[in-house]
Amino acid sequence: MAFISSGYDPNEPMKNRITDIGPRHYEDFYPPVIAKNKGKWLYHEILEPGVLVHVAESGDEVYTVRVGGARLMSVTHIREICDIADKYCGGHVRWTTRNNIEFMVDSKDKVAPLKADLASRKFDGGSFKFPIGGTGAGITNIVHTQGWIHCHTPATDASGPVKACMDELFADFQSMRMPAQVRVSLACCLNMCGAVHCSDIAILGYHRKPPMLDHEYLDKMCEIPLAIAACPTAAIKPAKVEINGQKLNTVSINNSRCMFCGNCYTMCPALPLADKEGDGIVIMAGGKVSNRISAPKFSKVVVAFLPNEPPRWPSTTDTIKKIVEAYAAGANKYERLGEWAERIGWERFFERCDLPFTHHLIDDFRDPAYFTWRQTTQFKF
Amino acid sequence: MAKHETPMLDQLESGPWPSFVSDIKQEIAHRKANPNNVELQIPAEVPEDILGVLELSFKHGRTHWKHGGIVGVFGYGGGVIGRYCDQPEMFPGVAHFHTIRVNQPAGKFYSTEFLRKLCDLWEFRGSGITNMHGSTGDIVFLGTHTKQLEEIFFELTHNLNQDLGGSGSNLRTPSDCIGQARCEYACYDTQALCHALTNEYQDELHRPAFPYKFKFKFDGCPNCCVASIARADMSFVGTWRDDIKIDQEAVKAYIGGEIAPNAGAHSGRDWGPFDIQKEVIGLCPTGCMWMEGDKLMIDNRECTRCMHCINVMPRALRIGDDRGLSILVGAKAPILDGAQMGSLLVPFIKAEDPYDEIKEVIEKVWDWWMEEGKNRERLGELIKRQGFQRLLEMTEIEPTPQHVKEPRSNPYIFWKEEEVEGGWQRDVNKFREDHKR
């Protein structure tokens, strides 16, 4: 494993340096049928779950086969995607914002062999490499964050719970029986490196124990004023402690004020808060980003806490299945999950989904809380 | 024999959904076999250590990754996320294991030639494990050693004509929907605008000079497939301001059941025959549609362009021709003061190259935020702290009813002195001539 230089010279870092060139130009990568008809598409149709056709003014058609993918992906897997794209799609492929992969062909007769090939490929462990689906009124791929595979602040894993959930929701990835699309998202802490706060169903990692104080190292590892300023509830203040006869600058935390956001830990590694029993999952529901019919909405907290249960997170997947089935049974055509909950009333939502209502679900965080309390005599028994 | 026992992760190889565990295992096998005799620049067993660390987290219920350190490439303040394992003796292959964000092409179309080059580079100088893609949109190279960072950057820029994405307090990698490339709803060329602004603001993207992160996202229409309205400090949502185009023959075909509604999105269940009154006209949020005989009528002046009717009948209804975009500002996730949705700042602006009008709005917003924003204060939080009026003032945009959902319900107006006749300077003694003490 001898070191091989790229040509970079550490003694002269500016020599031949190229910077600020940006990403590759998108036009380098369009399939010919896309390049030709861009901006001139007439309409589209979902022919079956996972298969779309777009028809252009020119009469040209592009057929898309959409497959699910784990966003955590090896180069071996990407090369296999390339092999398929070379064989059927003229060497072009694309990804969607929801981690799906789209293979495009320019005529209908090319669809069946592509589909058959994709559907036949499995990992050695038995799972599908390229399950076809993720379109229309179904449940498409989960957008998610990094989790325990590579992040320093998570309160749950990402790839693990996503795999567990998608195994449970798999039939609905490959069908379109829902009243409208159901967008499921996961964020492994409330930094939310994705739009989970506006999803039909959001899986959110959450801590429940205030940070521990690593007094001996705190002043060495952290800028104390930054740690204090990081707290949104002003629960952190400067403090001095004596350890082994040594006076140390540190902080103290008013634990009853902590809402476990972990922002202090981001600023100060000497304030770790992760904990096996403390950490787990919050389920939120009823959000959306589309402006269709009603305005975009935030997801609401409907389950305050579920434990982390690797490897399969059964409490989380069961809860999601319950919400999905109640929604599928009760919502009108085109009605998103949040619109359904608002129409029937949140009291009915908890009843239909068989979820307990606890005090944790009543907002008590600052001014917006007031606007969520019921200020009318109109309610349902 | 696996380097680490991973009984819990092995369980995740079962079930139909693509297993990331199986995928990482195939990468482990590939690196061990090394069929192309690649001179791997970081140890072959790195993916084994990744699985090992993850299994330990499954056991402990806690992450084993530490905060990033100051690593990166010379002259950039972003694009590389430093990452260290807190069990380096157990997992030496990933003791230091930094992430590289590679700026994805707009629209996420790829040629296999380019993808293969990325794969070759990442197998040679990294773990061989990626995210396709990270939440913000980048191609994420998941883990390499410190010494490889400059080498990878050099190869990306010299051999692949490819730059890094953003991280830290800078412009984060902009991302867009598929737009006009393959969608009939797109009201502007999202890829063109995304690419143009990404290149215009390379300095802001690579060299952190902002109070905190700043995100651009580009949605071609109000369906908002990239969720710009929920997560971008500045979201660009396509819209139009003339009339929806109606093909009355196609309307008849929908009513007659010849064309499936909503492009066939509901075919998994029998919802009964299509009912235009119930499914389109009755669900229109402004009630601006009606039938005259067998003709569908729209009072376009009252339409708020929610997309529902167009989504249901894409072959009969098309977006208007006077197209552009709306700019909304201030969306963010809950950290710290709660989540914020984007608020409408510019109701309509044309999206035409070289986009000077759009850049003018962006730069005015940045000037204000960079001047007034506190450390780690997102734009949305600054707008809340100083008021929407201040944003309008700083961007020189006239207030209109479009800016609000409803007018304020309290009269606590912060009048400015120059707005009040005669100003605020008064003579109390003169007042007392009429009002005795």
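Domain 2 and domain 3 of chain B bury about 480 Å² between them, 60% of it on carbon and sulfur atoms, where buried area is the accessible area (1.4 Å probe) that two parts lose on being put together, summed over both. Pro222(B), Asn223(B) and Trp240(B) supply 83% of the area that domain 2 of chain B contributes against domain 3, more than any other three residues. The structure is a predicted model, in which local features need pLDDT of at least 70 and side-chain atom pairs count only at pLDDT 80 or more, whereas totals for chains, interfaces and linings use all residues. Residues are numbered from 1 along each chain as its sequence is written, chains are lettered from A and ligands numbered from 1 in the order in which they are written, and side-chain values use heavy atoms, with hydrogens and water left out.

Chain B is divided into domain 1 (7–159), domain 2 (197–240 + 327–418) and domain 3 (245–318), with bounds that come from an automatic or database domain assignment. The centres of domains 2 and 3, taken over C-alpha atoms, are separated by 34 Å. In this pairing, 5 residues of domain 2 of chain B are in contact with 4 residues of domain 3, contact being defined by heavy atoms within 4.5 Å. The two domains share 3 residue pairs in polar contact, both members at pLDDT 80 or more, and 0 salt bridges. A polar contact is a pair of N or O atoms within 3.5 Å; within protein, one must be able to donate a hydrogen and the other to accept it, and residues adjacent in sequence count only if both atoms are side-chain atoms. A salt bridge requires a side-chain nitrogen of Lys or Arg within 4 Å of a carboxyl oxygen of Asp or Glu.

Between chain A and chain B, about 12,500 Å² is buried, 59% of it on carbon and sulfur atoms. On the chain A side, Trp148(A), His150(A) and Lys333(A) lose the most area to chain B, together 6% of what that side buries. The contact involves 138 residues from chain A and 143 residues from chain B. Across this interface there are 76 residue pairs in polar contact, both at pLDDT 80 or more, and 10 salt bridges. Arg315(B) forms a salt bridge with Glu45(A), the closest N and O atoms being 4.0 Å apart.

The largest nonpolar core has 97 residues, and those with the most contacts inside it are Phe103(A), Phe216(B), Met234(B), Phe236(B) and Ile358(B). Such a core is a set of buried Ala, Val, Leu, Ile, Met, Phe, Trp, Tyr and Cys residues joined through side-chain atoms within 4.5 Å; buried means under 20% relative accessible area, exposed over 50%, and partly exposed in between (1.4 Å probe, protein chains only). A second, separate core of 68 residues includes Cys188(A), Tyr327(A), Ile28(B) and Ile50(B). Buried residues make up 59% of the 381 residues in chain A.

Asn141(A) counts as buried because its relative accessibility is 1%. A polar atom of the Asn141(A) side chain lies 2.9 Å from the backbone oxygen of Gly69(A), and the side chain of Asn141(A) also reaches the backbone oxygen of Asn99(A) at 3.2 Å. Beyond residues up to four places away in sequence, Asn141(A) touches several residues, among them Met166(A), Phe173(A), Val184(A) and Trp17(B).
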